[in-house]
Amino acid sequence: MTAVEALHVALQQSFSPDSNVRDPAEAAIKNLKNVPGATNMLLHITEERQVQYEVRQAAAIQLKNICRECWIERTSYLGMPLPAIDGANPPILSEEDKLVVKNKLVDCLMNEADKSIRDLMAETLHCIAIHDYPEKWPQLLPAMLQVISQSSDPSQALRVHNALLALRKVCKRYEYKSREARGPLNEIVMKSFPLLLPLAQRLSDPTENSLEAALMLKQILKIFWSSTQFYLPSGNNPDGSASSTPSPALANPSAMEPWFEILKAVLSKPLPEADQPKTKEERNAWPWWKAKKWAAQIMTRLFSRYGIPSYAEEEIKEFAKYFSQNVAPQFLGPICETLNLRPSGQFCTDRLVHLCLNFVDLAVELAPTYKLLKPHMDFLLYKVCFPCMCLTQEDIEEFENDPHEFVHKQNSPLADFYDPRMSAITLVQSVVKHRGKDNMQPFLAFLTEILQRYNAADDTNKNHVEKDGALLAFGSLSETLLAKKKFASELEGLMVSSVFPDFNSPVAFLRCRACWMVQRFSETSWSDDGTHLRNLIQLVLQRLSDPALPVQIEASKALRFLIEVDGADVTLLPVLPQILNEYFRIMNEIGNDEVVAALQVIIDVFGEQITPHAVALVTQLSTAFKNYVDAGEDDDDAAMAAAQCLECINTVLKGTCEHPELYTNMEPCLVPLVLQILGNDGEYLEYMEFALDTLTFITYFPLKISEQLWEVFPLLYKAFDGWAFDYLMLMTPPINNLITKDPQHFLTGTATFPEGNAKYIDLVFSIVSKTVNEDRSSESEQRKALSLYLSVLHNCTGQVDSYLPTINDVVLAKLGQQVNAENAATRLSIFQVVGSALYYNPQLEVAELEKRGCTHQVMTQWIKDVDSMEKWLTKKMTVLGLLSVLRLPASSLPQSVVSLIPNIISTAVTLTVKMKEELEAGHKDDDDGAIEAEADDDDDWGGYDEDEDVTNADDEAYMNALNKV
């Protein structure tokens, strides 16, 4: 049996249900990276059509993994070698194996018809190109272009498509590169675009309807996208580096016109219903809809980057002016035609609607395009946006049959990037905000009419979906409506007549919307004696136990907004225990960070009243955290809720800090939780910050440190030394607390590690030394680490004499580096340590300074830096340290100190007087710097005239930052 045949058998056996067969096969496959020529064998199996499909696919996966892992030595983004995986660094492929792969891979990819295997090969090519193109693989681009040049031959359609796929993978490498690093991409554009342009023109012809054409066109548009991500391509210098001169397209905008025509043609292309797949899922994946999506995505991105001249950098001003006056207006027709597909009963993908609405959103801000849109605003608002905002039948079925998924989608942060409902809401908000003079009053009248029609209809004729959409629209405009007196006075009526009744509606999604409306309009002014507010709170409380989970979620979120309204506590306090129970019941049902955040607000606001429930709260939250963490790998919502649980625990701890006796009963829940986060080699790194905050609370406020709590100490060091170096600033407070609360346990305690035992004090000294001597640690981190020396010296009097040499070695070496630093902060931290050491034992510390021959220099610099001291601790330790020198017998003082005694006394007295004056003066807070809120011009509908471009300081700052990338 040949080596290739043996590998083929191993790949086959890796699918065996029998572990006795499967395990040896998997071990052999795992060892392939150590076998010379393995990549060539994998390629041979991958390209062989007679081989079983699953085996070919497995070979392609292994080839990709080996090339990714073994092409070059793995390094971090800083260029440092990464630690070994499984205890051993992977071998690096030989130059012979690399050459064979590069020579054979392109041809295999060109001929591959199966999408899955083709994509794996393309990803392998991408992995190699990252390291070798163009310097070590100059023949790659010519090979791809040679295939693309045969596009006129129908028999070469597959090879041309695959060459385009490969080209996109290479271009993608440079998609986010800076201008200076785009030299190879500029060369690709200069050599490939003359071939791609006529091909794209032919493929976008209205008479071209084949799927092959759509697939190739989609790849060309993706190449165009990658090539123009941050910059329009420019030329190169003679050495191949990117030229600093502007892109030819910027100097001559009309040069881009053929590409704009292609994008318009793709967007405008009619797609007859009869030609399309039957199911929605198949249509969403259909290549022609994908091509339209990429065309819309490119145009929207170009519009946002270059379409608003007021945001443009100087070098792109002319192009931006050309784009805004000539290009953007041309696209409004195809964009609006696309948006009219659904109102006219035809299909359009959600993603395409989303992108087109984003384009219109930009067009509303630009005067030339808004003028063209203005006659069509009724169509856009009432026929496009409002239907998008309404629930679909799929939404309602999901609400009723899969409420967990419904809640997940409604709260997904990714919805802004794909959901047409979100882009419709954003467009409505922009229209009302920027062009309110023309559109706000008619749109509000449209929504009001829907609500009136609903209220007037009998139960069988009520359009529940339409009402839900109207309330969503009203709620989305809450910021504008609450800010204007003319509307604010009418909001009470809106809530009472159209929202209050829905809390008891038989339609579950209307009950859900009513709870959501409370969140948007919690600041509504109530004109009655408080009855409306009390009723509203009662209605929300009832919905906490609603049969429908989404209603429970929205009700729990709504309560956090009502809780801070004046007078709400009267209704809520008597039922606080029941409220807490409802929240925990909901939290046990689903992991939702906003529900936990709402609970946190309740705990924060009712701090005093929470104390009797504190232990139960922490117990419940700890249990919820563990449950959410267990589900976290598969459930992003649960992972976010887990973090929120820890934050909520810290809120409880903060609220009960005046009752430290409660902490004793909380420790059995909290210490295992902290140990879990610290003790799993960084598996729970995302929760580290919250765990360290918790640890700070439970080590600071209790009167003594429990035996169980000391178990944390070795794990803190192990985390610092292994994977949590960046968390030193948060580690230091609990370590200081442990030293301060129980110095004897700290001095006698030892930690057991695989390499042996280590004293706790040695671990602390290791943390300080590593931080101060580590290049990647900041000055503030080094100062924080030095504070650990203070804790040791202040709390272990007379017991750490042997550690004074180490302390001086570290701080004086650092002082030598800092002596000329303009910022004295680190020097002052060092002098705190020196002062503490003198106060601890002046005789030993002076001897340490004398031993190094630096007493006079240290004292002189210290006294010189007194004027820079602002913090009370620095001044205090300076006074105590300097005066400690005077405790020594005059006969024992070295001459280096004797000569400075007048300055020492003068400095100590001056500082003491200054501290006394500061203490007597105290601190004064005033509101002289407060800024009064500007009165709202209630007669102004808001926004800009049709001849004005919308300007926004935040957007301008963002674009300026983007232009500098």
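Glutamate E781 lies in helix 42, which covers residues 779–795, helices being DSSP runs of H or I with at least four residues and strands runs of E with at least two, numbered from the N terminus. The model is predicted, so that local features are reported only at pLDDT of at least 70 and side-chain atom pairs only at pLDDT 80 or more, whereas totals for chains, interfaces and linings use all residues. Residues are numbered from 1 along each chain as its sequence is written, and side-chain values use heavy atoms, with hydrogens and water left out.

At 11% relative accessibility, E781 counts as buried, a term that denotes under 20% relative accessible area, with exposed meaning over 50% and partly exposed the range in between (1.4 Å probe, protein chains only). A polar atom of the E781 side chain lies 2.9 Å from the backbone nitrogen of S778; a polar contact is a pair of N or O atoms within 3.5 Å, of which, within protein, one must be able to donate a hydrogen and the other to accept it, and residues adjacent in sequence count only if both atoms are side-chain atoms. Leaving aside neighbours within four places in sequence, E781 is in contact (heavy atoms within 4.5 Å) with D726, L728, M729, T771 and R776.

N808, found in helix 43 (residues 804–818), likewise counts as buried, at 1% relative accessibility. A polar atom of the N808 side chain lies 2.9 Å from the backbone oxygen of L804, and, not counting residues up to four places away in sequence, N808 touches A813, E845, E848, L849 and R852.

Helix 21 (residues 420–434) has 15 residues and reaches 21 Å from its first C-alpha to its last, close to the 21 Å expected at 1.5 Å a residue, the expected span being 1.5 Å times one less than the number of residues. Eleven of the 15 residues of helix 21 are buried, among them P420, R421, L427 and H434. At the start of helix 21, a side-chain oxygen of D419 reaches to within 2.9 Å of the backbone nitrogen of R421. In helix 10 (residues 211–227), the end C-alpha atoms are 24 Å apart, in agreement with the 24 Å that its 17 residues should span; 14 of these 17 residues are buried, so helix 10 is largely enclosed by the rest of the structure.

Helix packing was examined for two pairs. The axes of helix 35 (residues 661–678) and helix 36 (residues 688–700) come within 10 Å and cross at roughly 145°, where axes are lines fitted to C-alpha atoms over the stretch in contact and angles run from 0 to 180 degrees between N-to-C directions. The residues that meet include Y663, E667 and L670 in helix 35 and M688, A691 and L692 in helix 36. The axes of helix 9 (residues 183–203) and helix 12 (residues 257–268) come within 10 Å and cross at roughly 35°, the contact being made by F193, L196, L197, A200 and Q201 of helix 9 and P258, W259 and I262 of helix 12.

Over the protein chain, which has 50 helices and two strands, buried residues make up 52% of the 965 residues. The mean pLDDT, the predictor's confidence in each residue from 0 to 100, is 87 for the chain, and 91% of its residues reach 70 or more. Confidence is lowest in helix 50 (residues 953–963), at a mean of 52, and highest in helix 23 (residues 464–476), at 97.
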